[in-house]
Amino acid sequence: MPATLKPAFLKDDDFLADVAAARDDTDNLHLWWLGQSGFLLQWQNHHLLLDPYLSDALTEKYAGTDKPHVRLTERVIAPERLDFIDVVVSSHNHTDHLDGETLIPLIRANPKIELVIPEANRQFVVDRLKLMIEFPRGLDAGQCHTFGGFSIHGFPAAHNVVERDEWGRHKYLGYIIEAGPWIVYHAGDTKLFDEIENKLEQWPIDVALLPINGDLAERGVAGNLSGIEAAKLAREVRARMAIPCHFDMFEFNTVAPTEFIVACKELGQPYQVLRNGQRWSTSQLGPPRSK
């Protein structure tokens with residue numbers, strides 16, 4: 001690891017205190033970036049986690065290999081301390097989106113938690129997390145589950161292509177999340193694919209959470225949107241706010257958000273670059289769009 005990790009904006013007790021303080025504002029949706037593609041969403045005292053990676057599993061797994069996952073930024077919180085979670089969502093099977101060292105203690109700390117996954121990945125998920133086969137709630141693109149104040153819609157993702165199982169179900173998903181009048185798009189890991197803009201334009205997206213680390217063959221891993229592509233996509237689908245993710249976690253697979261910032265400014269796309277553990281709230285948008 002680097003001699004000095006980038007500090008989280010808030011972590012541990014300070015992070016939990018900020019989550020508690022936000023509960024008093026029940027008119028707005030609050031979210032915190034947890035690093036990589038992980039976000040905590042809070043709506044009227046309900047809490048949803050998206051793709052949390054809160055361990056050093058990949059750093060330890062790849063130590064001494066030709067693909068070292070050197071961590072860049074401090075961990076925000078230990079998963080077992082998040083004992084107030086209603087729903088946790090995984091977009092696909094890669095460890096930074098489906099981490100046993102995060103999800104197993106998280107599930108133990110939240111006996112009533114719901115786990116939402118791509119249905120195509122059910123067997124892989126239950127094997128990795130040592131769950132009963134029926135425990136995860138499976139989704140495919142176009143399907144929806146509602147729990148704990150959130151309606152969660154499956155949305156296709158291409159990492160690097162739109163990949164399906166033998167029954168035609170998507171192995172990689174993004175999610176559209178409805179929380180009262182607010183709509184969040186979490187892209188998961190994705191590149192552009194046919195019809196992504198048309199499919200997203202059906203939703204009045206308030207905030208788009210988009211990967212920006214790009215796709216470089218020399219990394220030896222599947223790629224994502226670049227900063228420019230993420231800014232353009234947010235603009236095309238008229239997202240009221242774009243927040244980048246999937247950077248500043250691993251030394252070999254990151255970019256500075258500069259390209260994303262410049263593109264957003266040129267396009268007139270509202271954006272916010274967060275630090276790990278930092279909160280963003282829909283109060284910055286003004287009133288919700290009429291639905």
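Residues are numbered from 1 along each chain as its sequence is written, and side-chain values use heavy atoms, with hydrogens and water left out. Because the model is predicted, local features need pLDDT of at least 70 and side-chain atom pairs count only at pLDDT 80 or more, whereas totals for chains, interfaces and linings use all residues.

Helices (H or I, at least four residues) and strands (E, at least two) are DSSP runs, numbered from the N terminus. An open sheet is formed by 7 strands. Their order is β6-β5-β4-β3-β2-β1-β13, and the pairing is mixed. Two strands pair if DSSP finds at least two bridges between them. The edge strands, β6 (137-139) and β13 (279-281), each pair on one side only. From one strand to the next, the twist averages 20°. Axes are lines fitted to C-alpha atoms, for helices over the stretch in contact, and angles run from 0 to 180 degrees between N-to-C directions.

Strand β5 (residues 114-118) pairs with β6 in the parallel sense, over 3 bridges. Pro118 has Leu139 in β6 as its bridge partner. Helix α4 (residues 122-129) packs on the sheet and touches β5 and β6. The direction of α4 makes about 135° with that of β5. Contact means heavy atoms within 4.5 Å.

Helix α3 (residues 100-109) is largely enclosed by the rest of the structure, because 7 of its 10 residues are buried. Buried means under 20% relative accessible area, exposed over 50%, and partly exposed in between (1.4 Å probe, protein chains only). The buried residues of α3 include Gly100, Thr102 and Leu103. They pack against β3 (46-50), β4 (87-89) and α4. At the start of α3, a side-chain oxygen of Asp99 comes to within 3.2 Å of the backbone nitrogen of Glu101.

There are 5 aromatic pairs in the structure. Phe15 and Trp32 form an edge-to-face pair, because their ring centres are 6.2 Å apart and their planes stand at 75°. Phe15 is in helix α1 (residues 12-22) and Trp32 in strand β1 (residues 30-35), 17 residues apart. Phe15 counts as buried, at 0% relative accessibility. Trp32 also counts as buried, at 0%. The pair of Trp33 and Phe247 is tilted, because the centres are 5.0 Å apart and the planes are at 35°. Rings of Phe, Tyr and Trp (its six-membered ring) pair if their centres lie within 6.5 Å; planes under 30 degrees apart count as stacked, over 60 as edge-to-face and the rest as tilted. Trp33 and Phe247 are both buried.

Leu31 lies in strand β1. At 0% relative accessibility, Leu31 counts as buried. Leaving aside neighbours within four places in sequence, Leu31 is in contact with residues including Phe39, Val207, Ile243 and Trp280.

His153 is found in strand β8 (residues 150-156). His153 is buried, with a relative accessible area of 14%. The side chains of His153 and Glu178 are joined by a polar contact of 2.7 Å. A polar contact is a pair of N or O atoms within 3.5 Å; within protein, one must be able to donate a hydrogen and the other to accept it, and residues adjacent in sequence count only if both atoms are side-chain atoms. Beyond neighbours within four places in sequence, the contacts of His153 include Leu139, Tyr175 and Trp203.
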